[in-house]
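Let's take a quick tour of a protein model. Have a look at the picture first, then read on.

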Amino acid sequence: MTTHVLVVDDSTMSRKITVRALPENWAGEIVQLDNGADAVAACRDRSVDVMLLDLTMPGMSGFDVLEALREIDAAPPVVVISADAQPKAEERARELGARGFVRKPVQPDALAATLRDAGLL
Ligand SMILES: [Mg+2]
């Protein structure tokens with residue numbers, strides 16, 4: 001089973017905004033998850049093309065998810081979607097393998113530009 005896009009965020013509203021900001025032709029195969037543990041499990045169970053990942057979540061944070069993905073073969077590329085404006089957050093996310101970083105509230109243009117920069121669009 002293939003999931004093209006995994007949107008992981010504990011906030012329903014944030015997930016909605018992210019989904020709305022996705023490129024239009026990605027609309028078919030989107031799975032939304034509200035926690036990091038399910039996101040890691042999903043990457044073990046199925047093929048995921050790209051994960052859009054919040055950082056601040058109860059339980060596993062986005063950083064924890066990035067760390068866990070390092071142990072998974074063929075883990076998907078991750079773009080972080082975060083309200084954390086501190087340069088350190090982006091730096092750490094990139095160190096852990098994030099391919100891009102988009103600030104909330106995510107705008108379609110900013111997301112598309114980041115996906116393009118990461119070679120994902
Ligand atoms: Mg959050």
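Here's a short briefing on a metal site and a helix. Keep in mind that this is a predicted model, where local features need pLDDT of at least 70, side-chain atom pairs count only at pLDDT 80 or more, and totals for chains, interfaces and linings use all residues. Residues are numbered from 1 along each chain as its sequence is written, and side-chain values use heavy atoms, with hydrogens and water left out.

**The magnesium site**

- Asp10 (OD), Asp54 (OD) and Thr56 (O) coordinate the magnesium ion at 2.1 to 2.2 Å. Donors here are N, O and S atoms within 2.8 Å of the metal (3.2 Å for Na, K and Ca), and because water is not among the atoms, sites may look incomplete.
- Along the chain, the donors of the magnesium ion are spaced D-x43-D-x1-T. Aspartate 10 sits in the loop between β1 (2–8) and α1 (12–21), and aspartate 54 in the loop between β3 (47–53) and α3 (62–69), so the pair ties together parts that are 44 residues apart in sequence. (Helices are DSSP runs of H or I with at least four residues, strands are E runs of at least two, and both are numbered from the N terminus.)
- Aspartate 54 is buried, at 4% relative accessible area, while aspartate 10 is partly exposed, at 33%. Buried means under 20%, exposed over 50%, and partly exposed in between (1.4 Å probe, protein chains only).

**Helix α5**

- In α5 (residues 108–117), the buried residues are Leu111, Ala112, Thr114 and Leu115. They cover an arc of only 165 degrees around the axis (taken from the directions from the helix axis to the C-beta atoms), which puts them on the same side of α5.
- Asp109, Arg116 and Asp117 are exposed on the other side of α5.
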